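Colleague: Please walk me through this model slowly, one question at a time, and show me how each answer is reached.

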Amino acid sequence: MSALYAQVLLNGLMLGALYACIAVGFSLVWGVLNVISMMHGSFVILAGYLTCAAFTGAGIHPFAALVPVALLLLLLGYFLQLGLINRVVSQPVLTTLTLTFGLDMILYNLMNVWFEATPRRVTLDLGRLEFGEVVLPLDRAAAMVLALAMTGLLYVILRGSRLGRAIVAVRMDRDAAALMGIRVPRVYAATFGLGAMMAGACGALLALVYPITTNVTGQLLGKAFIVCVIGGLGTVPGALAGGLVLGLVESFGGHWFGPQVAPLLGFALMLVLLAVKPTGLFGQRGYE
Amino acid sequence: MIGAAVSRTLGSRGLPWVAGLWLVVLALSPLYGDNYIVKIATFVALYGVLALSWNFIGGYAGYPSFATGAFVGLGAYAGAICQNAGVPMIVAWLLAAIIVAGVAAAMGPVILRLRGHYFAIGSISLVEIGSVLASNWSGLTGGGEGLNVRFLPGGPDFIARFFLYAMLVILVAALATTIAVDRGRLGFGLRCIAQNEDAAEMVGVPSTRYKIAAFVLSGVFCGAAGAAYASWVGYIAPADAFSILLTVKVPVMVLLGGAGSVLGPLIGSAALVLLEETVWARFLDYHQAILGAIIVALIFFLPGGLLGLRLRWRS
């Protein structure tokens, strides 16, 4: 019995690490720019497709593809924000959300034309570790560790680098940051780029673990929503905690109530939290 | 807001004429077109209903609601389930409208406490929850296989006309309600809420009650239209009924026409349906990208909608 629960716990943690990695970029963009990026799920899948294409086409190992793919997404995000989204960034929610939805439709359509919607994945088969009855497939474990590492990297960037401090400053008070000589539009573009980069890294990892198809872009976006609401906006620890909570809730919920119910639990948890504590379990007031 | 201003300058005299003329054009479509044209007219009426519905909460009250897909899906399933249980078709539609209104009234107090992004997300999640419920509650909804609804007896001509006039009746009801709200206390209160909710509360607008009223109004006609749609196409599945695409497309229609006015939603829905129908036919592989490009262009070049354009020319 305890081995079974240990397995469920382990699965939940692995899932949670991926969710955290998906959500942390989304949460950063939402928290700093006050923009809900409806493109986030498609960014993840785009990176997944690129990783698969690099693997099947040129035999590039996914771990090696991770960095260039993430950098490519960084550039895409940076220029999208600089060229388009910055123009309406201070307008009401409906405008920015509709704009990113329109951009997402374009990206989604292009992906379907370029890559076709057939699910694909990278199968590495690295073997597995077994502790008694608890099984840890190594490809999943590697994806989890790298997802946590990427999340940690973003934390280091935000805490340690000049750009990171500028992003945090803009998030706290945009006008004051502008007065201190921070070029806010550039910081916005860099933030959106970093968000896309995290989605890119995550997509490369996701290709190892799950089939990549455009059908799941909406689901991924939904997970990012839920994690943000659980963990609060714009902080790396919040997204990490939210991701792990969601992973565990889905894993244990699936175990107890059946796998179909698992996705519903996340949404139910989110609605309850929205009603009771919209700043998230770990969120701080005053940042909205 | 600009749309509302135009509606008011166009005046009480001009407005019913334009809307009435448009209804006549749709209603006479069997006379000048084949069944394909009648189908398009039916879609225009359907989306007109959805756009007018969204306008209550999104246009007048200024709350970025993405619950349209949830209302339509719930209405479609409620209507289909009632009909399969032996309830006469039109009674099933009415029941669906009542059920959706009830759910909106129950959910309203929870999610209308949220503002901005949080409200947007709360309302989008209603669509997701509906879709997950419909896929998994297979005893009631048929699960992922979907649900068949008995076709109406009669030839294709009769069916096409029947559903055109059914949609038009719902459209007239939604339009009449919109005009009543637009000129009444509720519309005034909702506009106050859209401009500054705290200030509105301060001067005595019962904001919570008004918002819930707007949310219920934005659900009830969607429920009827969803149920009628299910009877029309004869088959519904979770992903089509609870559609994220629909839930964003309808606000886009209203933005295209001009939010917070009577005519805006009618103009926007007609424009987008006709545009889509012409684009769809020619670029099958790229229709979604083109719709996306239209949305992007709309945000940048037509922030006040088509009605706003008129105003800009005037001034």
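Predicted model: local features only at pLDDT ≥ 70, side-chain atom pairs only at ≥ 80, totals over all residues.

Colleague: Which residues in α11(B) does α9(B) meet?

Modeller: Two residues are in contact if their C-beta atoms, placed from the backbone, lie within 7 Å. On the side of α9(B), the residues involved are L186(B), G189(B), L190(B) and I193(B). Those in α11(B) that they meet are S207(B), Y210(B), K211(B), A213(B) and A214(B).

Colleague: How does α2(A) lie to α3(A)?

Modeller: The axes of α2(A), residues 40-58, and α3(A), residues 62-83, come within 10 Å and cross at roughly 135°. With that angle, α2(A) is made oblique to α3(A).

Colleague: How many nonpolar residues are in the contact of α2(A) with α3(A)?

Modeller: From α2(A) the contact takes F43(A), A47(A), L50(A), T51(A), A54(A) and F55(A), and from α3(A) it takes P62(A), A65(A), V69(A) and L73(A). Ala, Val, Leu, Ile, Met, Phe, Trp, Tyr, Cys and Pro count as nonpolar, Asp, Glu, Lys and Arg as charged, and the others, Gly among them, as polar. By these classes the contact of α2(A) with α3(A) has no charged residues and one polar, and the number of nonpolar residues is nine.

Colleague: What angle do α5(A) and α6(A) pack at?

Modeller: Helix α5(A) covers residues 138-160 and helix α6(A) covers residues 162-172, with their axes 5 Å apart. The arrangement makes α5(A) roughly perpendicular to α6(A), as they pack at an angle of about 80°.

Colleague: Which residue stands opposite E130(A) in β2(A)?

Modeller: Strands β1(A), residues 128-131, and β2(A), residues 134-137, pair in the antiparallel sense over four bridges, where pairing needs at least two bridges found by DSSP. They form a hairpin with two residues between them, and G132(A) in the turn has a positive phi of about 60°. While L129(A) stands opposite L136(A), the residue opposite E130(A) is V135(A).

Colleague: Which helix gives the most to the side of chain B that touches chain A?

Modeller: Between the chains, 31 residues of chain B are in contact with 33 residues of chain A. On the side of chain B that touches chain A, at least two residues each come from α6 (116-136), α13 (244-257) and α15 (287-301) of chain B. With 11 residues, the helix that gives the most is α6(B).

Colleague: What ipTM does the predictor give the complex?

Modeller: Chain B averages a pLDDT of 85, with 91% of the residues at 70 or above, pLDDT being the predictor's confidence in each residue, from 0 to 100. For the complex, the predictor gives a pTM of 0.84 and an ipTM of 0.82.

Note on methods: Residues numbered from 1 in each chain as written. Chains lettered and ligands numbered in written order. Axes fitted to C-alpha atoms, helices over the stretch in contact; angles between N-to-C directions. Parallel < 35°, antiparallel > 145°, perpendicular 65-115°, else oblique.
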